[in-house]
Amino acid sequence: MDSQYEQMHQLPDGRVIPRRATTNPQERRSYENFTPAGFFDWRRWMPLVVIVVSLNIVWWRQPLLHTQALSAATVSWQIMPLFGYTLVLSIAVTLLITQNFRSLLSYLFLGISLLFTFSSLIQTRHEVFILLLLLSTFFIAIQQSWLGLQNILGLILLSVLSTFTIPIAIFYVTNNFLTQRFIWQLLPLFFAFLFYFTPIMMPNPDGRKLSILTLGLFWVTLFSHAVNFGTLFIIIFSLFAFVLQFVKAKIGNWQHMGYVLMLALSTLLIYH
């Protein structure tokens, strides 16, 4: 009887789902996420690739579009340290959200991201240096359980920092100035981060209740930004992400990959 139960209630990595699951969201994370046993298993690398690419689309889309809209504005190779920073940081963030916010390997990539902030291009622009340093430090701090940042406070901080640090840094380094219009255009992205990262930060009943509020705020900001044919698809993506919270835990890391992918697709349609 026990062997039959184990065969019917296994996670993709072979672990058995307990008969009586804990109600503690921090303990439940170890069963809600999984990492396939094989190092070369494509299921291990698919979430990493999709999340890394999606986050870089989210961070680079609006700054580059706004830069191209300005007369005589060009993007040069000198911005490459910033691209290295976002690439390494996105890997660290992927490890964080797919390993229950307890990833030792993420510290390595966060450390490398800090090294990129000391490049001459970034360090000479003190405001950009502080912004990027603050973002990397936050992702180190969020893993410290004694700080209690895996809640609504951490969600708000993550949304603010993820929205206003890297895009502002990209735009400022490229153009050597900042416009109030550009900052206001980042508001839909802030509420998008707030909604799509709610189930990642708070995978519990309180998080599902909060996602109703964050979804509403995202839609209000979306309609105030612009209404077009793409808005319909953004609503579909956000509804899909909302329903995804109630899917059984067996999809593991694919669930978080889905949230970030929907965030990237929404960003592509918001900023075009």
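Contact here means heavy atoms within 4.5 Å. The model is predicted, so local features need pLDDT of at least 70 and side-chain atom pairs count only at pLDDT 80 or more, whereas totals for chains, interfaces and linings use all residues. Residues are numbered from 1 along each chain as its sequence is written, and side-chain values use heavy atoms, with hydrogens and water left out.

**Figure 1. Overview of the protein chain.** The secondary structure comprises 15 helices and 0 strands; helices (H or I, at least four residues) and strands (E, at least two) are DSSP runs numbered from the N terminus. Of the 272 residues in the chain, 49% are buried. The term buried denotes under 20% relative accessible area, exposed over 50%, and partly exposed the range in between, with a 1.4 Å probe and protein chains only. Among contacts between residues at least 6 apart in sequence, 69% join residues at least 24 apart.

**Figure 2. Surroundings of Phe 171 and Phe 182.** Phe 171 lies in helix 9 and counts as buried because its relative accessibility is 0%. Beyond its neighbours within four places in sequence, Phe 171 is in contact with Pro 63, His 66, Thr 67, Leu 70, Asn 176, Phe 177, Leu 178, Thr 179 and Phe 182. The C-alpha atoms of Phe 171 and Trp 60 are 9.1 Å apart, although the two residues are 111 residues apart in sequence. Phe 182, in helix 10, is likewise buried at 0% relative accessibility. Not counting residues up to four places away in sequence, Phe 182 touches Gln 62, Pro 63, His 66, Pro 167, Ile 168 and Phe 171. A distance of 8.5 Å separates the C-alpha atoms of Phe 182 and Ile 168, which are 14 residues apart along the chain. Asn 176, one of the contacts of Phe 171, lies in the loop between helix 9 (166-175) and helix 10 (180-184). Asn 176 is not a glycine, yet has a positive phi of about 65 degrees.

**Figure 3. Gln 62 of helix 3.** Gln 62 belongs to helix 3 (residues 42-69) and is buried, with a relative accessible area of 5%. Leaving aside neighbours within four places in sequence, the contacts of Gln 62 are Phe 182, Gln 185, Leu 186 and Tyr 271. Gln 62 and Phe 182 are 120 residues apart in sequence, and their C-alpha atoms are 8.5 Å apart in space.

Figure 4. The 19 residues of helix 4 (residues 80-98) should span 27 Å at 1.5 Å a residue, and the end C-alpha atoms are 27 Å apart, which agrees. The expected span is 1.5 Å times one less than the number of residues. Because 15 of the 19 residues are buried, helix 4 is largely enclosed by the rest of the structure. Asn 100, which follows helix 4, has a positive phi near 65 degrees. Phe 101, in the loop between helix 4 and helix 5, also has a positive phi, of about 60 degrees, although it is not a glycine. Phe 101 is buried at 2% relative accessibility. In the loop between helix 4 and helix 5 (104-116) lies Ser 103, which is buried with a relative accessible area of 0%. Apart from its neighbours within four places in sequence, Ser 103 is in contact with Leu 95, Leu 96 and Gln 143.

**Figure 5. The largest nonpolar core.** A nonpolar core is a set of buried Ala, Val, Leu, Ile, Met, Phe, Trp, Tyr and Cys residues joined through side-chain atoms within 4.5 Å. The largest such core has 67 residues, and those with the most contacts inside it are Leu 82, Leu 89, Phe 139, Tyr 196 and Phe 197. Helix 11 (residues 187-196) contributes the largest share of this core, 8 residues. Phe 197 touches Ile 97, Leu 155, Leu 158, Val 260 and Leu 263, not counting residues up to four places away in sequence. Buried residues of helix 7 include Phe 129, Leu 132, Phe 138 and Phe 139.
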